[in-house]
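This briefing covers a nonpolar core and aromatic pairs. Please look at the sequence and the structure first.

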Amino acid sequence: MRKSCSTLLACMMALASFFASEAAANGKHKHAARTEKAAAKIYTVQTPRVRHRCFPGKLRGILSHIARQVGRRPLVTSGYRFNGRKGSLHRKCLAADIRVPGVSVKRIVAAARSAPAIGGVGTYCNGIVHVDVGPRRSWHYCRGLARLARGARFATR
């Protein structure tokens, strides 16, 4: 039942996204088209499947601040997700996972922490940086890779 509800929700989101893009293409929602063009100048998305159109102004402001600080546009690898951990700000479209090719994680984190309205700043072992507009906090998560390294260490004994 849960899986079918998730599938139904995903289909509804895809249809809503399709109709919104069709309406923007027809000129009915000029504001939506302008917002899309403005977002394209602030950041890029890794694939067309990354849901980013719902980002609030604060989050776009954070991404813009990071772009200005590091001199390159961030690449959004993940935005809105309807599944995932409960309480995740990705589920409310208030978070983005980013990387900036050619820029160190340390520099991206420093730029993110200096952004106005920044909430959480997290890093992952694979070089992805999480930014959101929730409460102020920070973390470094490396559990999956640490478990793999530990397993490899025991295998060599």
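How many residues does the largest nonpolar core have, and which have the most contacts inside it? This core has 26 residues, and Phe-55, Leu-63, Ile-66, Val-76, Ile-98 and Val-131 have the most contacts inside it. The model is predicted: local features need pLDDT of at least 70, side-chain atom pairs count only at pLDDT 80 or more, and totals for chains, interfaces and linings use all residues. Residues are numbered from 1 along each chain as its sequence is written, and side-chain values use heavy atoms, with hydrogens and water left out.

**Nonpolar core**
- A nonpolar core is a set of buried Ala, Val, Leu, Ile, Met, Phe, Trp, Tyr and Cys residues joined through side-chain atoms within 4.5 Å.
- Two or more residues come from each of helix H3 (57–70), strand S3 (95–99), helix H4 (105–113) and strand S5 (129–132).
- H3 gives the largest share, 5 residues.
- Helices (H or I, at least four residues) and strands (E, at least two) are DSSP runs, numbered from the N terminus.

**Aromatic pairs**
- The whole structure holds 2 aromatic pairs (ring centres within 6.5 Å; planes under 30 degrees apart are stacked, over 60 edge-to-face, the rest tilted).
- Tyr-43 and Phe-55 form a tilted pair, 5.9 Å centre to centre with 50° between the planes.
- Tyr-124 and Tyr-141 are edge-to-face, because their planes lie at 70°, with centres 6.2 Å apart.
- Tyr-124 is in strand S4 (residues 120–124) and Tyr-141 in strand S6 (residues 137–141), 17 residues apart.

**Accessibility**
- Buried means under 20% relative accessible area, exposed over 50%, partly exposed in between (1.4 Å probe, protein chains only).
- Tyr-43 is buried at 3%, as is Phe-55 at 2%.
- Tyr-124 is partly exposed at 26%, and Tyr-141 is partly exposed at 43%.

Methods: Phe/Tyr/Trp six-rings, centres within 6.5 Å; stacked < 30°, edge-to-face > 60°.
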